[in-house]
Amino acid sequence: KLCAKAIFKAKGSLDIVIHNAAARLNIRMPKHEQVTTFVNTNNLGTSRMTKYFTPIMGFGSHFIIIASSFGALSRLDKSKHHYFDFKKQTIEDIDKVMIDYIEDVKARVDDKKGWPEWINVPSKVGQVAIAKILAQDIRLIKNQVLVHAVCPGLIDTELSRAWFKDVSKAATPDQAAVDVLWLVQNRFKDGHGKLISKRRVLKWL
C-alpha cells in the first residue's frame, strides 16, 4: 500500500507490474505447518497487489502475475471448479476460498474434501483465477491494461533443485525473463486474462 502511494506520488502511474512474490515450500516440513504463510504470500499477496496497484496502472500498461502451469483448473477435482469460476466469483470470493483452504489443511481434512496433496496446486489455480477476474475489470479494459498469468517454466533455482531431481534442462532466471518481457514488448492481446507459457496460451480447463 505504501509502495503504491509512493509510486503514484512520484510518477502518477505505472506502465508494468510483474508480481512474482512467493513463499518457499519446505520439502521436509508438513504442509499443515506452512500453508498459512504460503497462501498468505502467494494468494492473499496477489490480491493485495491488485487492490493497491491496479488503480494506478497507466493507459496501455501491463499487469503480470507469475504463476505456473499447475494453475490450470483441470488440475483440480471437478467438485472444486465452481470455487474458481471467474465469471461469477470476485477476488474477495477467491480469497475466502483460499482462507477456508488453509483451515482445511491445518485441520488435516483437505484430502477428505477433495483437495490435491500438493498445496501449490490450489494456490496457483487461485492466482490464475485472480488474473482472469482482473481481466474483466471495466476500469482496466477502458484503460487498455493487459493482464496475464504466466508460467515461466522450470527455472534453475535453489528452490527448484530441492523439488526436482533433474534441472539440467531448466532455464536460468534471465532466460525465463525473456518470454515474460516479450508479452510486454509485443502487447500480447490474445493472452489477456489467460495463462501463458513460452508465448503460448495454456488451457484453463
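I began with α2 and α3, which pack at an angle of about 175° with their axes 9 Å apart. That angle makes α2 roughly antiparallel to α3. I note that the model is a predicted one.

Next I listed the residues in this contact. On the α2 side I found K31, H32, V35, T36, V39, N43, L44, S47 and T50. They meet I91, D95, M98, I99, Y101, I102, V105 and K106 of α3. Sorted by class, the contact of α2 with α3 has nine nonpolar, five polar and three charged residues.

**Helix α2 by itself**

I then looked at α2 along its length. The helix covers residues 31-53, 23 residues in total. From first C-alpha to last, α2 reaches 31 Å, which is close to the 33 Å expected at 1.5 Å a residue. I looked for a bend and found a kink of about 35° in α2, centred on G45.

Which residues of α2 are buried? I wrote down Q34, V35, F38, V39, N42, N43, L44, G45, T46, S47, T50 and F53.

**Helices α3 and α4**

I moved on to α3 (residues 91-106) and α4 (residues 120-134). Their axes come within 9 Å and cross at roughly 170°. An angle over 145° counts as roughly antiparallel, and α3 and α4 are therefore roughly antiparallel to each other.

From α3, the contact uses I91, I94, M98 and Y101. From α4, I noted P122, S123, G126, A129, I130, I133 and L134. The residues of the contact of α3 with α4 divide into nine nonpolar, two polar and no charged.

**Residue N120**

Last, I looked up N120, which lies in helix α4. Is N120 buried or exposed? Its relative accessible area is 9%, and the cut-off for buried is under 20%, so N120 is buried.

I checked the neighbours of N120 as well. Leaving out residues up to four places away in sequence, N120 touches L25, F38 and F70.

How values were computed. Residues numbered from 1 in each chain as written. Predicted model: local features only at pLDDT ≥ 70, side-chain atom pairs only at ≥ 80, totals over all residues. Heavy atoms only, no water. Axes fitted to C-alpha atoms, helices over the stretch in contact; angles between N-to-C directions. Helix = DSSP H or I, 4+ residues; strand = E, 2+ residues; numbered from the N terminus. Parallel < 35°, antiparallel > 145°, perpendicular 65-115°, else oblique. Contact = heavy atoms within 4.5 Å. Nonpolar A, V, L, I, M, F, W, Y, C, P; charged D, E, K, R; others polar. Expected span 1.5 Å × (residues − 1). Bend = angle between axes of the 7 residues up to and from the residue. Buried < 20%, exposed > 50% of the residue type's maximum accessible area, 1.4 Å probe, protein only.
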